[in-house]
Amino acid sequence: MGFFSFTQEIAIDLGTANTIIICDDKVVVDEPSVVAISMADNKMVAVGRKAQQMIGKGGNMIRTVRPLKDGVIADFYACEMMIRGMIKMIPRKNQLFTPSIRMVVCIPSGSTEVEIRAVRDSSEHAGGRDVYMIYEPMAAAIGMGIDVESPEGCMIVDIGGGTTEIAVISLGGIVTNMSIKTAGDDLNNDIKDYMGRMHNLRIDEPTAERIKIQVGSALTELEDAPEDFMVVGPNKVTALPMQVPVSYQEIAHCLEKSISKIENAILQALEQTPPELYADIVKNGIFLAGGGALLHGLAKRLTDKITIQFHVADDPLHAVARGTGVALKNVNHFNFLIR
């Protein structure tokens, strides 16, 4: 960025669980989508990881908000504060001027007009001068290095925190898409309920997330099985501390319902796919992105069930953000971006 160029270009993957910002081809911000707001004057106290550490600890002085629910903005004011706070985290090269910001933000493929406008408004209020939007599965495909403008069809399954996006892409457009609200957050809730029901153990969201990462599984039989995970928390009845080892088999059972929903959505999307593109998908396989793609055994389970090969992206957590970064560079070339 030269001394006279005051336009800062950023790509934002505004996720339900995490927000990632890319600037100059580098991930400059990768933080939980949480903002802490003071109850006294409604001002932002912290954003990202710092705000996440305050969840459940602020009493009646600080409220912690996750502004996005199911991939959609649920709290306008908090979302604007969060975007603004995260943009401030970007290392600035030129301290003299506040740059005008051009941004590309990604949105769920099932977004309504109202939801799209909400993202645009929040981004503009947070300082965006030129705001473009791109659908998540499209960004994920670009981030995985797929040529989205070729006539060959490809299928992307992007399992995020709030939504699972399934899309068939060809000739720079989304041919069929399904967006379901069963995703990472639901898996966390399944784990929370299960721990309470089966072990009488009360756990919070961050602990459920840790259990999912360590021993979350889509299969009850894994070749390289993770070791049991020790969970510490209060007994639901007596409030005395407990330690419970949890195995991946247990978690596979408790996630079964949610994973079946994702499986069925993929099958439905395949049913709606035109035959010519269906043949391409069978040949090239289906691509998994998003944090959910890291669930132990998921690709194998889907491959066995649907009998099409599933491939996990190299870095599934950042595929969407990387694709959004590429779109940012090609704003004038890609005609599928939404103004």
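# Cavities, sheets and helix contacts

Visitor: Which residues line the second largest cavity?
Guide: The model is predicted. In this model the second largest cavity is lined by Gly-71, Val-72, Ile-73, Ile-107, Pro-108, Ser-111, Glu-115, Ile-116, Ala-118 and Val-119.

Visitor: Which element gives the largest share of that lining?
Guide: Strand E8 (72–73) and helix H3 (113–125) are the elements that give two or more residues to the lining of the second largest cavity. The largest share, four residues, comes from H3.

Visitor: How many residues of the lining of the second largest cavity are nonpolar?
Guide: The space in this cavity is about 40 Å³. Its lining has one charged residue and two polar ones. The nonpolar residues number seven.

Visitor: Which residues lie nearest the centre of the largest pocket?
Guide: The largest pocket holds about 1,000 Å³ of space. Its lining takes in 43 residues. Nearest the centre are Ala-17, Asn-18, Glu-209, Lys-212 and Leu-317.

Visitor: Which element gives the largest share of the lining of the largest pocket?
Guide: Strands E1 (7–14), E2 (18–23), E3 (26–32) and E11 (154–159) each give two or more residues. So do helices H1 (49–52), H5 (184–199) and H6 (205–215). The largest share is six residues, and they come from H6.

Visitor: How many residues of the lining of the largest pocket are charged?
Guide: The lining has 16 nonpolar residues. Another 16 are polar. The charged residues number 11.

Visitor: Why are H5 and H6 described as roughly perpendicular?
Guide: The axes of H5 and H6 are 9 Å apart. Angles of 65 to 115 degrees count as roughly perpendicular. H5 is therefore roughly perpendicular to H6, with a packing angle of about 100 degrees.

Visitor: Which residues of H6 make the contact with H5?
Guide: H5 brings Gly-184, Asp-185, Leu-187, Asn-188, Asn-189, Ile-191, Lys-192 and Met-195. Across the contact, five residues are nonpolar, three polar and five charged. The H6 side is Glu-205, Ala-208, Glu-209, Ile-211 and Lys-212.

Visitor: At what angle do H4 and H10 pack?
Guide: Helix H4 spans residues 136–143, and helix H10 spans 319–329. Their axes are 6 Å apart. The two helices are roughly perpendicular to each other, at an angle of about 85 degrees.

Visitor: Which residues of H4 make the contact with H10?
Guide: The H10 side is Ala-319, Val-320, Arg-322, Gly-323, Thr-324 and Val-326. By class, the contact has six nonpolar, three polar and two charged residues. The H4 side is Glu-136, Ala-139, Ala-140, Ile-142 and Gly-143.

Visitor: Which are the edge strands of the five-stranded sheet?
Guide: The sheet is open, with order E3-E2-E1-E9-E10 and mixed pairing. An edge strand pairs on one side only. In this sheet the edge strands are E3 and E10 (128–135).

Visitor: What is the bridge partner of Val-105 in E10?
Guide: Strand E9 (residues 100–107) and E10 run parallel. Seven bridges join them. The partner of Val-105 is Met-133.

Visitor: Which strands of the sheet does H4 touch?
Guide: H4 packs on the sheet. Its direction makes about 85 degrees with that of E10. The strands it touches are E9 and E10.

Visitor: Which strands stand at the edges of the sheet of three strands?
Guide: This open sheet has the order E5-E4-E6, with antiparallel pairing. Each edge strand has a single partner strand, so one side of it is left without a neighbour in the sheet. The edges are E5 (44–47) and E6 (62–65).

Visitor: Which residue is the bridge partner of Ser-38 in E6?
Guide: Strand E4 (residues 35–38) pairs with E6 in the antiparallel sense. The pairing runs over four bridges. The partner of Ser-38 is Ile-62.

Visitor: Which residue in the hairpin of E14 and E15 takes a positive phi?
Guide: Strands E14 (residues 229–234) and E15 (residues 241–246) run antiparallel, joined by six bridges. Gly-233 stands opposite Met-242. Six residues lie between the strands. The positive phi, near 65 degrees, belongs to Ala-239.

Notes. Residues are numbered from 1 along each chain as its sequence is written. This is a predicted model: local features need pLDDT of at least 70, side-chain atom pairs count only at pLDDT 80 or more; totals for chains, interfaces and linings use all residues. Side-chain values use heavy atoms; hydrogens and water are left out. On a 1 Å grid over the protein atoms alone, a cavity is a set of points where a 1.4 Å probe fits but cannot get out, and a pocket is an open set with protein on both sides within 12 Å along at least five of seven lines; lining residues have an atom within 4 Å of a point. Grid points are joined across faces, edges and corners, and a volume is the space filled by probe spheres set on the points. Ala, Val, Leu, Ile, Met, Phe, Trp, Tyr, Cys and Pro count as nonpolar, Asp, Glu, Lys and Arg as charged, and the others, Gly among them, as polar. Axes are lines fitted to C-alpha atoms, for helices over the stretch in contact, and angles run from 0 to 180 degrees between N-to-C directions. Angles under 35 degrees count as roughly parallel, over 145 as roughly antiparallel, 65 to 115 as roughly perpendicular and the rest as oblique. Contact means heavy atoms within 4.5 Å. Two strands pair if DSSP finds at least two bridges between them.
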